[in-house]
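Could you open the structure and follow along with me?

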Amino acid sequence: MNDRRFGHTDLHVSEICFGPMRFSAKAPGDDDQSRTGKRALERALERGVNFIHSSYEYGTRWAVGQVLKDHPQRHNLHHIIKVPVPDFDDGGVFDATQFRRRVEQALRDLHTDHIDVIQHLQRAQPNTDELRIPNIPAVHEPMMAVFEKLREEGKVGYLATFPYAPGFAAAAMKTGDFRGMVAYYNPIEMEMAGFFEPMAAKGRGFFCIRPFMAGLLTDRRVDRRRLPADDRFGDERWDAAYDRLGTLQSALGEDVTSWTAFAIKFALCHPIVTSLIVGLNTPAQVDGVLDAADGNYPDLKVFDKALEIFRAQGPVSN
Ligand SMILES: NC(=O)c1ccc[n+]([C@@H]2O[C@H](COP(=O)([O-])OP(=O)(O)OC[C@H]3O[C@@H](n4cnc5c(N)ncnc54)[C@H](OP(=O)(O)O)[C@@H]3O)[C@@H](O)[C@H]2O)c1
């Protein structure tokens with residue numbers, strides 16, 4: 001498994017980051033899904049994945065913790081966690097105690113003494129840029145104070161923003177304190193791709209979330225007519241994404257034999273992308289993804305072509 005460096009920092013992580021959002025039941029137990037999910041994480045670690053994404057919001061950290069507790073690789077792993085402060089219902093007020101609590105809770109749950117990347121989410125209700133951008137100054141200063149304190153204590157490494165939208169991304173990166181960005185990115189969701197060049201010039205890094213667009217860009221699902229009846233992508237909220245996939249299939253079709261492999265290779269073709277946070281639920285899914293992350297990626301012409309389509313047709317909601 002190849003490693004990449006996070007911007008100009010000293011953090012090197014595997015090109016694939018384990019995403020546990022759907023990999024176990026939400027409550028501790030010994031059900032089939034959780035057993036398989038835990039085997040998937042063990043398989044990923046065995047094959048060289050050294051980077052794990054997690055959030056208390058998923059309800060699946062208990063299963064990550066069970067795998068890591070006595071794992072021989074435990075001290076060689078890197079963690080990225082979500083820290084949403086202020087959260088949707090906090091009225092935009094930053095609470096330093098809550099920020100620290102989220103970090104301390106993750107350290108305990110993950111049996112580690114260090115979180116490498118804090119993925120900061122500044123939320124509002126409604127979660128619009130109109131509310132969030134003007135609130136950056138009020139949040140940023142107290143956040144940096146508690147972050148720096150945690151850093152001095154050796155508990156955290158770097159701060160990255162999950163901006164939700166390009167307007168907030170531009171404003172957050174302007175503070176100069178975020179070492180990079182964490183955002184959805186795949187051939188359909190390219191909202192943040194316009195930041196890649198300026199961020200790279202400043203030594204920033206990018207963590208890609210959901211390179212399969214939650215599972216749509218996989219061989220099982222790209223042909224919607226063949227979806228299992230109860231599949232989550234049958235829902236009409238995915239109609240626009242399937243329309244856009246049709247456009248991409250016409251434009252890129254000749255280069256793509258497997259969409260599962262292509263989605264991984266596509267997301268890794270831009271050098272600013274440090275690691276892909278992929279939802280991995282079974283050992284077979286881990287093998288499929290890690291086989292695709294083989295260092296053999298398309299050149300930037302494919303990125304340019306997808307970006308051209310995105311710019312011509314605009315974002316797709318789901
Ligand atoms: N706001 C945030 O910070 C945020 C939001 C969303 C997600 N995340 C993080 O990002 C991670 C990834 O998001 P995601 O799971 O929604 O999207 P994703 O990585 O694009 O898609 C993952 C889904 O693809 C399918 N899959 C995985 N490997 C496969 C393979 N080799 N072959 C075929 N299908 C495969 C699985 O679906 P099936 O098992 O159903 O087939 C899996 O659930 C999450 O686990 C979470 O850690 C963060």
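Predicted model: local features only at pLDDT ≥ 70, side-chain atom pairs only at ≥ 80, totals over all residues.

1. Residues are numbered from 1 along each chain as its sequence is written, and side-chain values use heavy atoms, with hydrogens and water left out.

2. You will find eleven helices and ten strands in the chain; helices (H or I, at least four residues) and strands (E, at least two) are DSSP runs, numbered from the N terminus. The radius of gyration is 19 Å, close to the 20 Å of the globule rule for 318 residues, so the chain is as compact as a globular protein of that length. Here the radius is taken over C-alpha atoms, and the rule is 2.2 Å times the number of residues to the power 0.38.

3. The C-alpha trace spans about 50 × 45 × 35 Å along its principal axes. Of the 318 residues, 55% count as buried, meaning under 20% relative accessible area (1.4 Å probe, protein chains only).

4. Now look at contacts (heavy atoms within 4.5 Å). Among those in the chain with a separation of 6 or more, 73% come from residues 24 or more positions apart.

5. How many residues of helix α2 (residues 61–68) are buried? Seven of its eight are, including Trp-62, Val-64 and Leu-68. Their cover includes α1 (32–46), β4 (51–54), β5 (78–84) and α3 (96–109).

How values were computed: Buried < 20%, exposed > 50% of the residue type's maximum accessible area, 1.4 Å probe, protein only.
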